[in-house]
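Q: Could you walk me through what has been computed for this one, starting with how the helices are arranged and giving the cut-offs as you go?

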Amino acid sequence: MSDSMDEDRREHDPLLTLVWWVLTALMVLCLFLAVFGLGAYPIILANKAYFVAGFARSGIAESALPWIGVLGVLLAISMALTYLFLRNLRRMIDSVSHGRPFDRINAERLRQMAWLSIAIQVVALPMTRLIIWFDAMPQKPNVHHNSDGVSMGSILLTLVLFVLARVFRTGAQMQEELEGTV
Amino acid sequence: MAIIVKLDERLHEKRMTLTELAERIDITLANLSILKTGKARAIRFSTLDAICRELDCQPGDILGFSTDVKDT
């Protein structure tokens with residue numbers, strides 16, 4: 001009986017199905033960008049003359065080339081962290097589909113997501129600084145940036161995730177008690 | 001847990017099987033087995049009410065307290 005209920009839940013929740021597919025697409029994008037981030041600098045080095053000329057037209061000095069490599073690595077790290085974040089979220093959706101959302105593992109996933117969101121913001125700091133630096137190269141028109149890579153929304157997301165992790169942990173305890181009730 | 005379940009004795013007295021009781025009180029055999037073996041964490045009043053009605057007994061006839069039983 002519970003199996004058929006699970007099937008029903010999966011089939012009749014289009015929002016969860018839609019989000020599941022969006023998350024999957026974003027995860028693929030993250031993997032692509034991570035590979036791009038890691039592969040960009042070796043490709044630039046292999047075709048240095050071509051890229052140096054291109055960067056010169058964009059106002060980026062040749063001395064900045066190694067920093068593009070650093071930016072690529074930071075992008076790869078950021079995308080890897082985002083991938084893990086999205087994977088946890090997708091697994092939580094799977095747990096809802098299987099009829100066990102209030103599970104201790106979901107509380108642990110939320111806690112991991114909170115730490116991952118902190119890590120993503122930490123990586124975003126030097127990334128944003130580098131991008132601002134590239135934009136502010138002498139040859140370029142002066143571009144003003146107000147963002148430092150950390151937004152109020154990101155901080156709120158982290159706090160919400162930590163709170164939700166505790167809510168889910170308590171929910172899991174309540175569910176375990178309920179399951180032992182005859 | 002120091003709470004002991006004496007469902008077996010009462011069923012024996014009434015010459016009733018666990019399956020039969022499960023059907024009469026509309027509870028799954030698996031859940032009733034959990035109760036009988038003392039693995040349940042809690043019992044609903046509605047379940048206790050149904051068992052007492054079918055076995056014609058008092059809650060104290062089914063449940064007991066023993067300090068000899070170790071906490072789990």
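Q: How are H5(A) and H6(A) oriented to each other, and why is that the label?
A: The axes of helix H5 (residues 104-135) and helix H6 (residues 152-179) of chain A cross at roughly 170° and come within 7 Å of each other, and the two helices are therefore described as roughly antiparallel. Angles over 145 degrees count as roughly antiparallel, under 35 as roughly parallel, 65 to 115 as roughly perpendicular, and the rest as oblique. The axes are lines fitted to C-alpha atoms, for helices over the stretch in contact, with angles running from 0 to 180 degrees between N-to-C directions.

Q: Which kinds of residues make up the contact of H5(A) with H6(A)?
A: The contact divides into 14 nonpolar, 6 polar and 4 charged residues, where Ala, Val, Leu, Ile, Met, Phe, Trp, Tyr, Cys and Pro count as nonpolar, Asp, Glu, Lys and Arg as charged, and the others, Gly among them, as polar.

Q: Before I go on, what sort of model is this, and how is it numbered?
A: This is a predicted model, in which local features need pLDDT of at least 70 and side-chain atom pairs count only at pLDDT 80 or more, while totals for chains, interfaces and linings use all residues. Residues are numbered from 1 along each chain as its sequence is written, chains are lettered from A and ligands numbered from 1 in the order in which they are written, and side-chain values use heavy atoms, with hydrogens and water left out.

Q: OK, how many helices and strands does chain A have?
A: Chain A has 6 helices and 0 strands, and read along the sequence its pattern is α-α-α-α-α-α. Helices (H or I, at least four residues) and strands (E, at least two) are DSSP runs, numbered from the N terminus.

Q: And what share of chain A counts as buried?
A: Of its 182 residues, 34% count as buried, with buried meaning under 20% relative accessible area, exposed over 50%, and partly exposed in between (1.4 Å probe, protein chains only). Met92(A), which lies in helix H4 (residues 65-97) of chain A, counts as buried because its relative accessibility is 11%.

Q: Where is Phe32(A), and is it buried or exposed?
A: Phe32(A) lies in helix H2 (residues 14-46) of chain A and counts as exposed, at 55% relative accessibility. Together with Leu18(A), Val22(A), Leu26(A), Leu29(A) and Phe36(A), Phe32(A) forms a nonpolar surface patch with about 580 Å² of accessible area in total. Patches are made of residues with over 30% relative accessible area and no salt bridge, like charges being joined within 9 Å and nonpolar side chains (Val, Leu, Ile, Met, Phe, Trp, Tyr) within 5 Å; the areas come from the Shrake-Rupley method with a 1.4 Å probe, and for residues only the protein chains shown count as cover.

Q: Switching to charges, how many salt bridges are there over all chains?
A: A search of the whole structure finds 10, a salt bridge being a side-chain nitrogen of Lys or Arg within 4 Å of a carboxyl oxygen of Asp or Glu. One of them joins Glu179(A) and Arg100(A) at 2.7 Å, N to O. That pair links distant parts of the chain, with Glu179(A) in helix H6 and Arg100(A) in the loop between H4 and H5 of chain A, 79 residues apart.

Q: What about Glu108(A) and Arg111(A)?
A: Glu108(A) forms a salt bridge with Arg111(A), with 3.0 Å between the closest N and O atoms, and because the two are 3 residues apart in helix H5 of chain A, they are separated by about one helical turn.

Q: Which partner does Lys36(B) have?
A: Lys36(B) pairs with Asp8(B) in a salt bridge whose closest N and O atoms are 3.8 Å apart. Lys36(B) lies in helix H3 (residues 29-36) and Asp8(B) in helix H1 (residues 7-13) of chain B, so the pair ties together parts that are 28 residues apart in sequence.
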